[in-house]
Amino acid sequence: METRDLGRQGLAVSAIGLGCMGMSEFYGPTDEGEAIATIHRALDLGVTFLDTADMYGPFTNERLVGRAIGQRRAEVVVATKFGNERRADGSWVGVNGRPDYVHTACDASLSRLGVDFIDLYYQHRVDPNVPIEDTVGAMGELVRAGKVRFLGLSEAAPGTIRRAHATHPISALQTECSLWTRDVEDEILPTVRELGIGFVAYSPLGRGFLTGRFRTPADLPESDYRRRSPRFEPENFVKNRELAARVEAIAFRLGITPAQLALAWVLGQGEDVVPIPGTKRVKYLEENVGAVAIRLSSAILGELSKAAPKGAAAGARYPEPAMRALGR
């Protein structure tokens, strides 16, 4: 497994990570045994970068990751997030970036994960009611206390990233990026590269759409939250299937899977980019990891850009309430 550097503070991670969210919530039925087996297989394959958050479950995903890494803690770069505050019953409280909450949330995550420190601690969403300097200042206190090694932001605007980085060095920005979500190319990637911040691409498979496994909305379980996503609404679904079909045709011609092609495209965006495809099954993990060995020529990259140009996907990334929380 190759490694890539995130930021200039010394954080090195596997070139591809593992998003653990779906192991506990959002993507239909879950199977803890298979989830833990998937994490163990990831470690065996050299995937050391595990991504979770306190809101996943809520709270249960951090516990699952903690149980899975167990005695293998030294092999793992654990990334988790705070800021999307939820109650134990799953209800939403709101975005919280208050300094006192930063400390409380970190202590709770440490306990659930069963670790002495968190390798990469993200603010999950920016709180519009709290100056970013106050939130990141409290996160910096966690670093000085030895509870956190490196800091990150998720879905932050360029100006916010600059202010945060001036308060305390930011090692990684996590934002959605894939062949059907290329917004980051305009301002986000130039900003983080100027500042020397690594980029972590979540949902690099378009929430599974780019794998080719979904042919109709009915292919998703009733409990799957993607059924409420604008891009999975029937009319948009049909348009997005056309985009996915173009990607699939290129993949089949190359003799690789659509998922591997989509991941290879993300990996090909730069050595400072690390995708974290989520899966809860060993077979899909192994397929995803195979993308690391794929090198796409400039001709293929150009062909993909034409097949899936910026803005080609139909529908917003999230329902309207969630979209309002992005890019602050």
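**View 1. Helix α9 (residues 282–289) gives the most to the lining of the largest cavity, with three residues.** The model is predicted: local features need pLDDT of at least 70 and side-chain atom pairs count only at pLDDT 80 or more, while totals for chains, interfaces and linings use all residues. Residues are numbered from 1 along each chain as its sequence is written, and side-chain values use heavy atoms, with hydrogens and water left out. Helices (H or I, at least four residues) and strands (E, at least two) are DSSP runs, numbered from the N terminus. A cavity is a set of points, on a 1 Å grid over the protein atoms alone, where a 1.4 Å probe fits but cannot get out; lining residues have an atom within 4 Å of a point. Grid points are joined across faces, edges and corners, and a volume is the space filled by probe spheres set on the points. The structure holds one cavity of 30 Å³ or more, and the volume of the largest cavity is about 40 Å³. Its lining consists of Ile16, Gly17, Leu18, Val47, Pro277, Thr279, Leu285, Asn288 and Val289. Six of these residues are nonpolar, three are polar and none is charged (Ala, Val, Leu, Ile, Met, Phe, Trp, Tyr, Cys and Pro count as nonpolar, Asp, Glu, Lys and Arg as charged, and the others, Gly among them, as polar).

**View 2. The second largest pocket has a volume of about 350 Å³.** Of the 23 residues that line this pocket, Glu155, Thr175, Asp183, Val184 and Arg317 are the closest to its centre. A pocket is an open set of points with protein on both sides within 12 Å along at least five of seven lines. The lining divides into 10 nonpolar, five polar and eight charged residues.

**View 3. The buried residues of helix α6 (residues 188–195) are Ile188, Leu189, Thr191, Val192 and Leu195.** Seen down the axis of α6, these residues fall within an arc of 160 degrees, so they line one face of the helix. The arc is that of the directions from the helix axis to the C-beta atoms. Buried means under 20% relative accessible area, exposed over 50%, and partly exposed in between (1.4 Å probe, protein chains only). The buried residues of α6 pack against α5 (158–167), β10 (172–176) and β11 (198–202), where contact means heavy atoms within 4.5 Å. Just after α6, Gly196 takes a positive phi of about 75 degrees.

**View 4. The peptide bond from Gly57 to Pro58 is cis, with omega near -5 degrees.** Most residues other than glycine have a negative phi, and most peptide bonds are trans. Pro58 is found in the loop between β4 (49–51) and α2 (60–69). Phe59 lies in the loop between β4 and α2 and has a positive phi of about 75 degrees, although it is not a glycine.

**View 5. Phe26, which is not a glycine, has a positive phi of about 80 degrees.** Its place is in the loop between β3 (18–19) and α1 (32–44). Phe26 counts as buried because its relative accessibility is 19%.

**View 6. Zero disulfides are found in a search of the whole structure.** Cys106 is in no disulfide, and the nearest cysteine sulfur, that of Cys20, is 18 Å away. A disulfide is a pair of cysteine sulfur atoms within 2.5 Å. The sulfur of Cys177 is 20 Å from the closest cysteine sulfur, in Cys20, too far for a bond. Cys106 counts as buried, at 0% relative accessibility, and Cys177 counts as buried at 4%.
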